[in-house]
There are 2 protein chains.
Amino acid sequence: MMASDTTQFDPMLDLVFERIVDIPPSLVWAAWTTPEHLLKWFTPAPWQTIECELDLRPGGMFRTVMQSPEGEKFPNSGCYLEIVPNKKLVWTNALEPGYRPAMPKGGETCESFLFTAVITLEAHGDGCKYSACVIHGNPEDCKKHKEMGFEEGWGKALDQLVAHMKAR
Amino acid sequence: MMASDTTQFDPMLDLVFERIVDIPPSLVWAAWTTPEHLLKWFTPAPWQTIECELDLRPGGMFRTVMQSPEGEKFPNSGCYLEIVPNKKLVWTNALEPGYRPAMPKGGETCESFLFTAVITLEAHGDGCKYSACVIHGNPEDCKKHKEMGFEEGWGKALDQLVAHMKAR
C-alpha cells in the first residue's frame with residue numbers, strides 16, 4: 001500500500017484511518033480547508049477547536065488552537081506540503097510555516113511528537129472514500145499516537161465533519 | 001526580504017548566499033537536478049560526493065553520500081518540497097523521503113542539524129542570479145552552520161558548479 005505517491009506505508013511507523021462517507025469529496029475538501037468549517041468538527045467533543053488559521057499553499061500555515069473541557073489551550077502549528085483540490089492534502093508539524101524545521105516538541109502540547117498527515121479523497125458513488133495516513137519518524141511516536149486514541153479520535157472528528165457539512 | 005513565497009527571512013535563524021554567475025538558469029538547474037552533474041560539484045574539494053540519488057518531485061528523495069579526504073563517508077538524506085524548473089528548488093532534511101519526520105540528527109554526520117534550503121534562480125543578462133536561503137529551526141543551528149563555513153562552502157561549490165557546466 002502506498003500512503004502517497006512518495007510514501008511507502010510502514011505498519012511499524014504509520015497509522016491509517018479509512019472510511020466511506022456519504023458526502024462527496026468536494027464537501028470533505030471544503031471542511032478541511034475552510035476555517036469556519038474546520039472549527040466545527042476538527043476536535044472530538046467535548047474538546048473544541050477555538051482558533052484556526054489556514055494558508056492553503058505549499059509552505060503555508062496550518063495553525064489551530066484546541067481547548068480541553070477544562071479550558072486549557074493547546075496551540076498546534078504546521079505547514080502544508082501538497083494541495084490537490086478535492087483529492088489530496090498533505091501537511092506536517094515537523095516543519096513550521098515557511099518550511100522552517102520545527103523545534104523539538106515538548107510534552108506540554110497535544111502534539112508532543114512529529115508527524116505528517118496525508119489525506120486522500122476519492123469519489124465513491126455519491127459519497128467519498130476518505131483515507132488518512134499519519135506518518136511518524138519512529139515506532140515510539142506511532143505507538144504513542146495510537147494509544148492516545150488515534151482511531152477513535154479521527155472517527156469522531158469525521159462523524160462531526162459529515163454532520164456539520166450536511167447541516168449547513 | 002522573502003526567502004520564498006511563504007518564508008519570512010530571519011537573520012537570527014537563516015543564512016543567505018547570493019551571487020551572479022555567467023551561466024543561464026537552465027544550466028544551474030540541470031547541475032542541481034541531475035545526479036551525474038551534482039556528483040561533480042556539490043561538495044567543495046578535497047571532499048567528494050560519491051553517491052547521489054534524486055527523485056525530483058515533492059516528497060521525493062534527495063540523497064547524497066559525501067566523503068572526506070581521509071575516506072570517511074557521510075550519508076545525507078532529505079526530501080524535496082517544491083520544484084519549479086529553472087526557478088526554484090526547495091528541500092529539507094527535517095523530513096525523510098515520503099515526508100517522514102526525520103530522526104534527531106546525531107553529531108556523526110555532516111548535517112548534524114536540521115535545515116530547509118530554498119534555491120532561487122533568476123535570469124540576469126546572459127547569466128543567472130543565484131540565491132540560496134538556508135532556514136534553521138533555532139539560532140544555535142544557524143550559528144553552527146555559519147561557523148562550519150557556510151559562505152565559503154557554498155561559494156566553492158558554486159564555483160565548481162559553474163566550471164563543471166562550462167567544461168561539459
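Predicted model: local features only at pLDDT ≥ 70, side-chain atom pairs only at ≥ 80, totals over all residues.

**Exercise 1.** Determine which rotation superposes chain B on chain A.

*Solution.* Local features need pLDDT of at least 70 and side-chain atom pairs count only at pLDDT 80 or more, while totals for chains, interfaces and linings use all residues; residues are numbered from 1 along each chain as its sequence is written, with chains lettered from A in the order in which they are written.

**Exercise 2.** Describe the contact between chain B and chain A.

*Solution.* Step one: the contact (C-beta atoms, placed from the backbone, within 7 Å) takes 29 residues from chain B and 29 residues from chain A. Step two: among the elements of chain B that each supply at least two residues are strand E4 (73–84) and strand E8 (115–124); strands are DSSP runs of E of at least two residues, and helices runs of H or I of at least four, numbered from the N terminus. Step three: 100% of the interface residues of chain B are also interface residues in chain A, so the copies meet through the same surface.

**Exercise 3.** Identify which residues of H4(A) are buried.

*Solution.* A:Trp154, A:Ala157, A:Leu161 and A:Val162 are buried (20 or more other C-beta atoms within 10 Å of the residue's own, all placed from the backbone; exposed means 12 or fewer, partly exposed in between). Down the axis of H4(A), the buried residues fall within an arc of 140°, taken from the directions from the helix axis to the C-beta atoms, so they line one face of the helix. The face turned away from that buried side carries exposed residues, including A:Glu152 and A:Lys166.

Notes: Least-squares fit on C-alpha atoms with pLDDT ≥ 70 in both. Contact = placed C-beta atoms within 7 Å.
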